[in-house]
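Subject: Structure handover and findings

Hello,

Here is the structure you were going to look over. The notes after it set out what was found.

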Amino acid sequence: MALGFFSRLKEGLSRSTQKLGGGLTGIFTRRKLDDEALEELEELLITADLGPGVAEKVIETFRSSRFGAEVTDEEIRLALAEEIARILEPVAVPFAPDPAHKPHVVLVVGVNGVGKTTTIGKMARFFSAQGSKVMMVAGDTFRAAAVEQLQIWGERTGCPVIAGPPGADAAGLAYEALKRGKAEGADLVFVDTAGRLHNKSALMEELAKIIRVMRKFDESAPHSVLLVLDATTGQNAVEQVRVFRELVNVSGLVVTKLDGSARGGIVVALADGFGLPVHAVGVGEQVEDLRPFSAMDYARGLVGLPGME
């Protein structure tokens with residue numbers, strides 16, 4: 001991550017950083033790391049959306065390595081960043097298409113409003129700039145705005161967009177895209193989907209149909225299922241991961257909207273709770289604002305430390 005992007009990331013995590021950083025300063029003004037201090041720290045980590053599981057692990061580590069020692073808030077901040085990075089490191093996996101599948105089919109899922117369509121456009125832009133031939137499928141056929149948005153990204157990136165009339169069959173569009181992708185030598189096919197989670201059974205039926213129909217053309221499709229999450233939703237993101245893992249075989253996460261209102265600690269809770277790869281994080285609307293996820297940069301940004309040179 002470039003320094004400019006780290007600055008944007010740190011700014012995006014500012015709400016969480018203020019909660020964590022302010023709390024750490026309040027707890028630790030050179031005092032012993034005793035039971036009372038650890039209890040306060042645990043509460044702080046939970047309220048900062050890192051979740052009880054992560055809080056417990058951090059407290060146990062601190063109890064075994066630093067208990068009874070005189071510490072400052074800066075020392076705790078550094079130790080906390082290291083501990084958070086250790087939790088995040090195994091899931092910081094950049095998205096990489098499998099060349100064994102041509103095209104590599106990516107089903108993109110998530111509730112409405114999380115930024116699925118924009119994420120597809122940014123990923124299409126990135127991979128087409130790397131020389132890959134990319135196609136996009138406007139599979140959220142119930143929302144005309146989503147179809148139009150993807151078509152705009154198609155114009156920007158020069159990538160073809162498979163779309164139909166309002167209410168068109170998303171599974172049929174996906175099948176057509178796979179067929180075209182194979183014939184035209186596409187490397188990647190991104191399939192957008194609807195996300196009406198309030199009607200879970202209908203969503204399950206639609207996603208199952210898309211997968212079933214795609215497999216009539218390629219029995220191994222989809223090769224990746226990316227779940228897009230909005231970082232401002234906090235603990236709701238945990239429930240979204242649970243639900244979508246029931247519906248489809250989620251293979252990785254993309255976390256968007258890491259702006260000043262983001263509840264950034266949730267990414268740590270997700271990493272600890274599910275162990276799914278976090279492929280990328282988004283800090284804004286520009287195409288360059290979606291970047292591969294860096295565990296150490298994220299951890300340091302979250303606790304208010306400068307980035308690593």
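A salt bridge here is a side-chain nitrogen of Lys or Arg within 4 Å of a carboxyl oxygen of Asp or Glu. The model is a predicted one: local features need pLDDT of at least 70 and side-chain atom pairs count only at pLDDT 80 or more, while totals for chains, interfaces and linings use all residues. Residues are numbered from 1 along each chain as its sequence is written, and side-chain values use heavy atoms, with hydrogens and water left out.

Salt bridges

Side chains of opposite charge can pair when their charged atoms come close. By the rule above, the count comes to 13 salt bridges. In one of them the side chains of Asp35 and Arg63 meet, at 2.7 Å from N to O. Asp35 belongs to helix α3 (residues 35-47) and Arg63 to helix α4, so this pair ties together parts that are 28 residues apart in sequence. Helices and strands are DSSP runs numbered from the N terminus (helices H or I, at least four residues; strands E, at least two).

For accessibility, buried means under 20% relative accessible area, exposed over 50%, and partly exposed in between (1.4 Å probe, protein chains only). Asp35 is partly exposed at 47%, and Arg63 is partly exposed at 33%.

A second salt bridge joins Glu246 and Lys200, with the closest N and O atoms 2.9 Å apart. This pair also links distant parts of the chain: Glu246 is in helix α10 and Lys200 in helix α9 (residues 200-217), 46 residues apart. Glu246 is exposed, with a relative accessible area of 53%, whereas Lys200 is partly exposed at 31%.

Arg242 and Glu239 form another salt bridge, their closest N and O atoms being 3.7 Å apart. These two residues are three apart in helix α10, and therefore about one helical turn separates Arg242 from Glu239. Arg242 is partly exposed at 45% relative accessibility, and Glu239 is partly exposed at 43%.

Two strands pair if DSSP finds at least two bridges between them. An open sheet of eight strands runs in the order β5-β4-β6-β3-β7-β8-β9-β10, with mixed pairing. At the edges stand β5 (161-162) and β10 (290-292), each with a single partner strand, so one side of each has no neighbour in the sheet.

Strand β4 pairs with β5 in the parallel sense over two bridges, and Met136 stands opposite Val161 in β5. With β6, strand β4 pairs in the parallel sense over four bridges; here Met135 has Val189 of β6 as its bridge partner. In a regular strand the side chains alternate between the two faces of the sheet. Both faces of β4 are covered: Val134 and Met136 on one side, and Met135 and Val137 on the other, are all buried.

Strand β3 (residues 104-109) pairs with β6 (residues 188-191) in the parallel sense over four bridges. Leu188 in β6 is the bridge partner of His104.

Angles run from 0 to 180 degrees between N-to-C directions, and axes are lines fitted to C-alpha atoms, for helices over the stretch in contact. Contact means heavy atoms within 4.5 Å. Helix α7 (residues 144-157) lies across β4 (134-137) and β5, running at about 165° to β4. Helix α10 (residues 236-247) packs on the sheet, where α10 touches β3, β7 (224-230) and β8 (252-256), and its direction makes about 160° with that of β7.

Helices α4 and α11

Two packed helices are described by the angle between their axes and the distance between the axes. Helix α4 (residues 51-66) packs with helix α11 (residues 266-274) at an angle of about 85°, and their axes are 8 Å apart. That makes α4 roughly perpendicular to α11, a term used for 65 to 115 degrees (under 35 is roughly parallel, over 145 roughly antiparallel, and the rest oblique). On the α4 side the contact is made by Gly51, Gly53, Val54 and Lys57, and on the α11 side by Val268, Ala269 and Asp272.

Gly51 is found in helix α4 and is buried at 6% relative accessibility. Gly51 and Val268 are 217 residues apart in sequence and 8.1 Å apart in space, C-alpha to C-alpha. Leaving aside neighbours within four places in sequence, Gly51 is in contact with Leu45, Ile46, Gln235 and Ala269.

Regards
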